[in-house]
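Here's a quick tour of how the parts of this model meet. Have the sequence and the 3D view open as you read.

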4 protein chains.
Amino acid sequence: MTDTLIKVDLDTHASNNPQTHNRWHPDIPMACWVKPGDEFILETYDWTSGAIANNDDASDVRDVDLSTVHYLSGPVGVKGAETGDLLVVDLLDIGSLKGAEWGFNGFFSKQNGGGFLTEHFPHAQKSIWDFHGLFTDSRHVPGVSFAGLIHPGLIGCLPSQDLLDTWNKREADLIATNPERVPPLANPPAPHTAHMGALKGEARDKAANEGARTVPPREHGGNVDIKDLSRGSKIYFPVYVDGAGLSVGDLHFSQGDGEITFCGAIEMAGGWVHMKVDLIKDGMSKYGIKSPIFKPSPITPNYKDYLIFEGISVDESGEQHYLDVNVAYRQACLNAINYMTKFGYSPAQAHSILGVAPVQGHISGVVDIPNSCATLWLPQEIFDFDISPGADGPVKHIQGAVDMPIAYDK
Amino acid sequence: MTDTLIKVDLDTHASNNPQTHNRWHPDIPMACWVKPGDEFILETYDWTSGAIANNDDASDVRDVDLSTVHYLSGPVGVKGAETGDLLVVDLLDIGSLKGAEWGFNGFFSKQNGGGFLTEHFPHAQKSIWDFHGLFTDSRHVPGVSFAGLIHPGLIGCLPSQDLLDTWNKREADLIATNPERVPPLANPPAPHTAHMGALKGEARDKAANEGARTVPPREHGGNVDIKDLSRGSKIYFPVYVDGAGLSVGDLHFSQGDGEITFCGAIEMAGGWVHMKVDLIKDGMSKYGIKSPIFKPSPITPNYKDYLIFEGISVDESGEQHYLDVNVAYRQACLNAINYMTKFGYSPAQAHSILGVAPVQGHISGVVDIPNSCATLWLPQEIFDFDISPGADGPVKHIQGAVDMPIAYDK
Amino acid sequence: MTDTLIKVDLDTHASNNPQTHNRWHPDIPMACWVKPGDEFILETYDWTSGAIANNDDASDVRDVDLSTVHYLSGPVGVKGAETGDLLVVDLLDIGSLKGAEWGFNGFFSKQNGGGFLTEHFPHAQKSIWDFHGLFTDSRHVPGVSFAGLIHPGLIGCLPSQDLLDTWNKREADLIATNPERVPPLANPPAPHTAHMGALKGEARDKAANEGARTVPPREHGGNVDIKDLSRGSKIYFPVYVDGAGLSVGDLHFSQGDGEITFCGAIEMAGGWVHMKVDLIKDGMSKYGIKSPIFKPSPITPNYKDYLIFEGISVDESGEQHYLDVNVAYRQACLNAINYMTKFGYSPAQAHSILGVAPVQGHISGVVDIPNSCATLWLPQEIFDFDISPGADGPVKHIQGAVDMPIAYDK
Amino acid sequence: MTDTLIKVDLDTHASNNPQTHNRWHPDIPMACWVKPGDEFILETYDWTSGAIANNDDASDVRDVDLSTVHYLSGPVGVKGAETGDLLVVDLLDIGSLKGAEWGFNGFFSKQNGGGFLTEHFPHAQKSIWDFHGLFTDSRHVPGVSFAGLIHPGLIGCLPSQDLLDTWNKREADLIATNPERVPPLANPPAPHTAHMGALKGEARDKAANEGARTVPPREHGGNVDIKDLSRGSKIYFPVYVDGAGLSVGDLHFSQGDGEITFCGAIEMAGGWVHMKVDLIKDGMSKYGIKSPIFKPSPITPNYKDYLIFEGISVDESGEQHYLDVNVAYRQACLNAINYMTKFGYSPAQAHSILGVAPVQGHISGVVDIPNSCATLWLPQEIFDFDISPGADGPVKHIQGAVDMPIAYDK
């Protein structure tokens, strides 16, 4: 039986657990050690450590303190790992903790986090998703059910001090271009809510002052939110510190490409990751690798019957942007949401489906000036009814009896 | 036997063929008429009508006059089609003309067109790809062979005058922000090389003066360059003029997501499209559709064994961009190119593979400020050798005996 | 452009074409020669050379002279091929001859050929299938349409004299156990209708007297009727004579596992095969290969949404058979036919669908005495309507206005 | 959290657990009751209840008392279920019990059970497979590792007394044709080792005397050993008694089509099934269903890169059989085993791979007299090395340092 090296108690806040942390810093002590070839299990909190409840009230989403995220399990030290190696991680399996077979999805208020479509959905909303073995559905979003493409939203190794300094400098430079923006351009270190693992006292305070926030993905991986990094995949991480220092968290039961809802995918209330580690010595240089690469899982939901929406880089107001994939993907998303409303969904429900279902987002064209083209792939098999276009027009299968809870800004 | 409604002669320039055109304008006369339910075949030129030759000299790519593209077959009038309908197009099959079983791929000079990676590949280069039934390979890019995901790069219906005016205005506004830029931000009408189908005299001159260039994708579809719009797919196009006016061209034997090489996919030297049309009356309003939607083909290459590269929105110089998917995808592409060079490919060859193979580009994360995350999916099955990372490091399978022809700017 | 080495004229009977043959014999002269690495095209007749017409009368199926089949194109000699080699054949593409974009399927009369379900369908019936590019449908079987998994029903190399003698002996021994059986246990040589390619006179007569019929698959491949040997696949054939002598014919636009209807798959009225050959010297011994092996195509219809029927080896009368997969598969087929009739199909139409659609037949259990278990996999995507079971019971989508033509025995 | 309605203790023999049984009989009391729409979990023993140990000694396989199998969990009564209904069962998930993350595969002695290839492997052998999350490998069969297609080998509802009588009669009739055969043609009731759930005393003895053995699949499903009935699939079972009486057991971590090794698949040492039940009232008649039908899971290993072996119905001695799929599949299996030995596997190891890996067995041709054609599909991705044929011949990757333990008959 595989050892569980990090355990979590969902009734106690993650900040009390010295084997977890919510910032990136090379000084965070290893929470445990393993050898190349070892298999082990890490339990994880949800990314907010219990800030969002399984209820019908979205005020917790509205009021969440985003400076506290993400609570990660680790870092795991790997014996023999040195700077320049590649750490090979097999995600052998991922699951829910007993009694925590549910997850949440939501939209942040534009005043507190926002999201990809925050201009269209400026208020906090949420939906709760129940897990039924391999499948999930929601009391707030009827008519859909699908198999989970379970993955960690966040996984990566500790940065070196040099790399950390680079991150802090370049992000500070960006913030400085518009420091008052809401939502902000980036998040600087926030020492008051930093949880630096087992670090204590001055060492903790020093590290907390410069610890990088876990929000963005970076060269080490981190919060990449790649849905295809699912259980069964194999990842090759650059190693920046001796021992590597692998941390993981923010487990998602399912997510669409882009995690457009930001809060977030279907965020698992508590879970575990069964993994195995190995090393490719000096692999960064051998393979010219600066960012993680990976092979997808041989077991993923085989939804194939897509309905695909196009978007170009002309925004909702009709303004022409130059080869901007973000604008193009936003249009594809809005086109899909508008389409789904013809079958009875509220715009919020349709938006939520794009955030949580195994939706693909493709960069389809990036050279045909001035318009990029992006496509949003919606799997039709997840719906209980036929969502194809036909000569007779759409049938309103969803009757609007339920919607996603909303919490207006105070 | 299905009727061929438009024929092309590859020995004569497309501009002599009144059933083709290279601009979008509602005044272009229908080249032929069909009824809903009809099946028919249209032959097509390559997008440049023969400007690029099957040889080992890239000077034709360097010197191409891009104001002449793309030569499209059509417009096909559909009886009964009215503004607001959806035109349903089944791409029943697509193939090469006899004797034209080859295609080209290349990079434009930064001085004449550029491309997604033009800063890294500023000079004109090309590769020639031979078709072997369902498969293709290139004498300029050894070690890869793959099945074609054959599709039209460009397909769509005529715009109304209103829509055309909108296009011209918004693109002119963009150009006006930096009119001297090389490559330009967008392409204005270029009447001297406009081929307006069967239009003659003053009517031709008026239309040529305001005819929209075919380069960008727009609300009607057009040059979407979506690799998944392949033979076997079903597309729903908005109709903007009575008769719809469907045109098609720019056939690709295969392409990676993004068509990052710009010149372009594997551009088929001459081909044909077998299609069927039908109507959903008033479908735009019924389904809330402003841009085409489609269902992918049930027959596509099932390459599955991907190696996936991540990119974030920090550019090559280390500068931090705000949630910019273009920057992130560029990094993922550069990471993949760098990786492939370890197996012996020249950077240009690796770049070409990303442009022509059935590579996927996913918008993986768009909310984790300040970094977007994009992923580039490289199918390993297309290589003659094992391109996976392993403990022993890469084996240099490609010996560098051949490279892609290059033509430096004069 | 690839050379067409064997051409056929569908208006002239195959027996007049010296580059075709309908028996297996090492004395048949090579119809043409190629070298390892060569690509070439062979045109083919339908397996009966025009005996079945595109009309609504099944009497041609009833009256067909089965001693005449199958007309094959070849043999193609491969320079350097020797006994014991493996001939590697890439099926680069397969298609219809111009004007022959249709095929037939039918059931033979129990008095003249029979079939897998001949006790249930004892009379000759047929259906005609039209090809629409990659797709097919039938005026005799409404409600289904699907992409073709195009393949040769029959492909293989010439036997040596020794191997031929072995075949003739073992099949004669079987026939001798019940020589009066209708349908027969096997087909002995039938010299009067033998077409021995370019052989003439006495040499022809000698070979015709011992030429093996093309009906069964044997060690060399031959009439394997494996639907997955489709265009894009790569086959490794044992070589038994110098030059190999590769022949091909009996092209199928689509077929279900088992070809249960016998007459047959969707039998293409006329077609061509684009292929490439290579050699693995002494490959039979190196790899221990006695029968062909192959790799399936990377491009096949990706129908996935199966409804699966079980069958066990208890026959229709309730009799228990011992681990008999044939009985089990027959039950699975009958169960599927019965199910489909609830949606309005006639039993003959349902039977035809199992013969022609890309239906899978799996050997699911062969050790649980006394019952084998076989499964029949019916792809639901091929139907225009929902054929799933549900709480409300089946809806009769097929109204019975058309059925398959039948011709009773005279 | 979903309720576990049946628990098992792997340290106590199943015959002590009144919520399990090893015979089919309508008098077995329901072990628990659920309502349509309910979700629940059942734990299960391995099929032998611990007779085969995780060690390197095959004598337990040789000596197993096959009259004791299979220990099933159930029957579960479903409120409202009546004869003629369809019981809809969703297999929501399946997994291992904690501490039981391993399974066994083996061949029975020809003297005690035998198997599909018992003439070639007459002695008891076994291999142990360890589970690593979604994956498995074996210390006895090096060079392969694959994701599990986890499924119950055995699942079905209680028979009515009439149906039971039919089973007993027809199987007794078969045995009577050769009562001394080794292995036997079928297994009659064996009351001494019958475990009739909670039945006691005379009622137990009566039922034990006529309780059908669980070995064969029958009309109700039962021991179908269909690998595709995996977690995520949806099954429609005929209901023969009020309350339905659903039982499940014999969990397989993975299996090839046919379960040719008989002992068996990778037999899970202890597991659980998470399922949901529902009813289609009067569904048997509405849909004409006599045997279970099912829809496969949307999550299954996507191994695609098959090497396919053909077999025809001529046996190893050269004797011609008439359209016998069993003989044909046996040849395909032997051809594959022979091929694998060229890469260094022992025949037993190769045989084991066919029994446990997600190998497909297709009924490819059943009408081309006198030869059936069957195909064995071996997924190449499961091997650590390249098992494709090539010009240079096979490389012996497996060095023969380990083999499967064998136990000769005493």
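## Domains of chain A

Which domains does the domain assignment of chain A give? Domain 1 covers 4-295 and domain 2 covers 306-407, with the bounds coming from an automatic or database domain assignment. Their centres, taken over C-alpha atoms, are separated by 27 Å.

A word on the ground rules: this is a predicted model, so local features need pLDDT of at least 70, side-chain atom pairs count only at pLDDT 80 or more, and totals for chains, interfaces and linings use all residues. Residues are numbered from 1 along each chain as its sequence is written, while chains are lettered from A and ligands numbered from 1 in the order in which they are written.

## Where the two domains touch

Domain 1 of chain A puts 36 residues into the contact and domain 2 of chain A puts in 27 (contact means C-beta atoms, placed from the backbone, within 7 Å). On the domain 1 side, strand 11 (141-147) is one of the elements supplying at least two residues, and strand 11 gives the most, with six. Helices (H or I, at least four residues) and strands (E, at least two) are DSSP runs, numbered from the N terminus.

## Chain A meets chain B

Here 81 residues from chain A face 81 residues from chain B. Elements of chain A with at least two residues on its side include helix 2 (161-176), helix 5 (325-341) and strand 22 (306-312).

Strand 22 of chain A also runs antiparallel to strand 20 (residues 293-295) of chain B, joined by two bridges; pairing takes at least two bridges found by DSSP. Opposite Ile293(B), in strand 20 of chain B, stands Phe309(A).
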